[in-house]
Structure formats: structure tokens, C-alpha cells
Amino acid sequence: MNENYYQNFINKLIERYGAWQRETASFGSSSYGKIAEELCVSSSQFSKLISDTATEGMYIRSIKNIEQLQKASEVLQEKKVLELAYEELQQTQKRGIFTSNSLKIIALSALLAIGLGYLTFQFFQTSSKELTRTGSPTIIYDYPLGNFFDGDSRADYVSPYLNEQEVQEYCPCSGYEGVWKLESEYKIPIPGRKPGVYYVAKSADTRIRCMRTANGEQKGKVMLGFESLHHEIWVDKKRTPLSSKYFDATTKTYTAEFANLKFEDNPQFAKVANIYSFFFDEFTIYPDRIERKGEPCGRYSNIVDPDLADQYEIDLKHILQSIVGNMTSTVCESAINENCNPNDLQEGLSTISFDCLFTINAENLGIGGGYPYTKGYQLVKQNYSANLLCACE
């Protein structure tokens with residue numbers, strides 16, 4: 001966490017409520033619970049905020065809430081001062097110091113100021129109430145299920161992840177819950193009438209959570225994954241045969257030249273289309289390995305260059321239905337479980353990698369088998385990172 005956000009949050013609390021009294025769980029005379037209520041966050045979220053374990057978004061929103069409350073208090077104070085001033089003017093008129101007209105002008109000015117102050121205060125109050133109802137302003141998430149998984153401190157948000165009371169019960173999968181991404185891009189040749197068409201995996205924005213319905217020995221070992229995938233279709237304008245320049249049919253491996261090939265930097269290649277997919281995964285954790293089963297939930301394409309597709313006779317619908325659609329029969333080996341102890345998981349470092357073989361009935365590029373690739377997931381943001389008690393068997 002950026003230290004500036006945390007320290008700024010603590011400083012704002014001290015400025016508004018008073019000194020931090022850790023022994024009494026309060027700032028000044030205000031308890032943590034009272035402050036959490038004013039900031040429109042839950043008690044558990046407030047605990048994360050003061051312990052420096054909240055997300056950056058939670059700190060930003062909470063700091064803004066404190067500033068808004070402070071402004072509302074200032075406006076309310078100004079309103080009270082103006083009301084007192086108006087009462088003083090009325091008393092002054094009774095003593096005959098001001099003329100009737102001059103008093104009207106002063107009184108009108110005071111009333112306008114009071115009214116303005118009151119309206120401003122009501123605006124802040126309404127905003128605060130609205131925040132309580134909605135949790136935060138409407139947020140547009142890049143991830144399709146962002147409203148369900150990434151609500152953070154929204155008051156009306158119920159997280160799909162395990163709560164603090166469940167994490168030990170569902171260990172070790174509770175350590176894997178959170179945001180994962182594609183570890184690295186990979187590319188696969190697409191069979192067709194001519195060689196030179198490639199399917200490139202660019203990103204996988206994934207949320208993983210424990211399966212609460214897993215019972216018996218499976219409890220705490222089964223995870224659900226929700227993947228938003230982005231792939232690209234590229235064409236080799238020279239239609240270079242895959243073997244033997246890019247693939248060694250004897251060893252069934254790609255050559256170093258293919259591994260180092262970057263389509264974006266090579267004018268011989270051109271992007272034809274973007275493909276967007278959503279996948280549902282089931283992961284099962286064993287002490288030495290992790291198994292994965294995947295199933296597509298939908299897929300669509302966006303052609304970048306229709307003329308290019310026509311020129312090179314690339315049938316995108318056929319690719320989506322008969323080629324990419326057949327990837328459900330892809331065989332993937334189990335991933336090595338490098339974190340038998342879930343406490344070893346680290347954001348930005350921990351990965352789960354599956355070695356796969358893409359084989360389909362339409363294979364006709366002359367290599368006599370499937371196309372190998374590795375799909376890896378890297379942990380981006382862990383939902384629960386405190387100590388988990390389940391032992392590594």
C-alpha cells in the first residue's frame with residue numbers, strides 16, 4: 001500500500017476527531033464504530049483502513065468522505081454564526097440604532113447568507129445519505145463482474161469472498177481468493193487451408209473464490225475461477241509454413257525463433273481481430289498439485305481489418321466455432337502446487353501454471369499432433385493474507 005494514502009487517512013482522522021487513542025479504540029472521544037458509521041463503511045473495513053491493509057480505492061474514498069464531513073461541519077458552524085448575527089440585528093433595531101431601510105438591507109444579506117449556508121449544508125447531508133444508500137458513486141469496472149467482486153468499501157456491497165470468520169474453515173483455498181492475471185502471453189497456430197494464422201492470448205483478468213458448497217474432504221480445496229479473456233488473431237502475410245521454421249515436429253516443441261517472435265514489432269504480421277471470451281473454471285487443490293477444469297461462457301470477436309480478413313481468406317466465424325471452440329477438448333496437465341503452505345502466497349510473485357496441448361479434429365498443419373502452450377495465472381491482489389492455520393500435508 002502506498003504509505004502516503006494510509007498516513008493521510010490517519011492524519012485526516014486526527015484532524016477531525018482528535019488524537020488516536022489505541023487503548024480505547026477511538027480518535028478523540030469518537031469510537032471506531034461511530035467513525036465507521038459516519039464514513040459509511042463497515043466495522044471490518046474500518047479495521048482494515050487503520051491497520052494499513054485496505055485497498056488504495058478504500059483509502060481514497062474514505063479520505064474524501066472525511067473531507068466532505070469536515071466541510072459540512074464548517075458550513076453548519078457558519079450557519080450558526082449568521083443566525084446569531086441576525087438575532088443581534090433584531091435586538092439592535094429595537095434599540096433604534098439602525099434605520100428601517102438599513103436594517104432591511106443588512107437583514108436580507110444575513111438571511112441570504114444563512115440560506116446559502118443551509119442549502120450547502122443540506123447538499124453535503126444529502127450526499128452523505130446518498131453515499132450511505134449506494135456506498136459510492138457509480139463505478140464503471142473494466143472487469144465484467146466488477147460490481148460483484150470489486151466493490152471494496154461500498155456500503156451496499158456484499159463480497160463473494162469468504163469473511164474473516166470463514167477463512168480458517170476453508171483453508172487452504174482461502175489464501176488463493178482474489179484477483180489473478182495471465183502470467184505471460186502465449187500464441188498458438190490455427191489450422192486452416194493455409195498456414196500463417198495465429199491465436200494470441202493477451203490477457204486474462206480472473207477472480208478466484210472458494211466454493212462454499214464443497215463438502216467433506218473437498219471442503220477448502222475447491223475454487224471457482226471467473227475469467228475475462230482477451231485474445232487476438234494475427235496473420236503472417238508471407239504464409240510461412242509452421243514446420244520446420246517455427247515448430248520441431250520431432251520434439252513436438254516450438255523453435256526459439258517462434259518463442260521470440262513479436263508480431264507487433266514485425267511488419268510481416270498484421271492483426272486481423274480481437275476476441276473476447278468469458279470462462280468458468282474449477283480448481284482443485286492438492287498438496288503437490290492443482291487441477292483445473294474450464295468451460296467457456298461466451299465469446300465474441302471484433303474485426304480490426306475486414307479487408308485484411310478477406311484478402312487472406314480468414315473465416316473468423318469458422319475460427320470461433322470450429323477452431324477456438326474446440327479448445328474445450330484441450331488437455332492440460334496438473335499445475336505443480338508451489339504453495340502447499342498457503343501463507344507462502346505473495347502478490348506479484350505467486351503463480352499457477354498449466355502445461356497444455358491443443359488438439360482438434362481440424363489439425364492439418366503437418367506436425368502430426370497437438371500444439372503445446374502454457375497458461376499461467378499470477379496473483380495480483382490477495383483477499384486474505386493474514387496467517388492461515390491449516391498445515392501443509
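Helices (H or I, at least four residues) and strands (E, at least two) are taken here as DSSP runs, numbered from the N terminus. On that basis, the protein comes out with nine helices and 15 strands. The model is a predicted one, so local features need pLDDT of at least 70 and side-chain atom pairs count only at pLDDT 80 or more, while totals for chains, interfaces and linings use all residues. Residues are numbered from 1 along each chain as its sequence is written, and side-chain values use heavy atoms, with hydrogens and water left out.

Some overall figures come next. Of the 393 residues in the protein, 44% are buried; buried stands for under 20% relative accessible area, exposed for over 50%, and partly exposed for anything in between (1.4 Å probe, protein chains only).

Strand S4 (residues 178-182) runs antiparallel to S6 and is joined to it by three bridges; here Trp180 has Thr206 in S6 as its bridge partner. Strand S5 (residues 186-189) also pairs with S6 in the antiparallel sense, over four bridges, and in this case Ile188 is partnered with Tyr199 of S6. Then there is strand S7 (residues 222-236), antiparallel to S6 and joined to it by 13 bridges. Within S7, Gly225 is the residue that stands opposite Ile208. As background, side chains in a regular strand alternate between the two faces of the sheet.

On to the charged side chains. The structure holds 16 salt bridges, each being a side-chain nitrogen of Lys or Arg within 4 Å of a carboxyl oxygen of Asp or Glu. One of them is between Arg16 and Glu38, with the closest N and O atoms 3.9 Å apart. This pair links distant parts of the chain, 22 residues apart: Arg16 belongs to helix H1 (residues 3-17) and Glu38 to helix H2 (residues 32-39). Arg16 is partly exposed at a relative accessible area of 23%, and Glu38 is partly exposed too, at 27%.

Because Glu227 lies in strand S7 and Arg292 in strand S11 (residues 289-303), the pair ties together parts that are 65 residues apart in sequence. Glu227 is buried, with a relative accessible area of 0%, whereas Arg292 is partly exposed at 21%. Both residues also belong to a network of salt bridges that links Glu227, Asp281, Arg292 and Lys375.

A further salt bridge brings together the side chains of Glu291 and Arg289, at 3.1 Å from N to O. Glu291 is partly exposed, with 30% relative accessibility, and Arg289 is partly exposed as well, with a relative accessible area of 27%.

Definitions and conventions: Two strands pair if DSSP finds at least two bridges between them.
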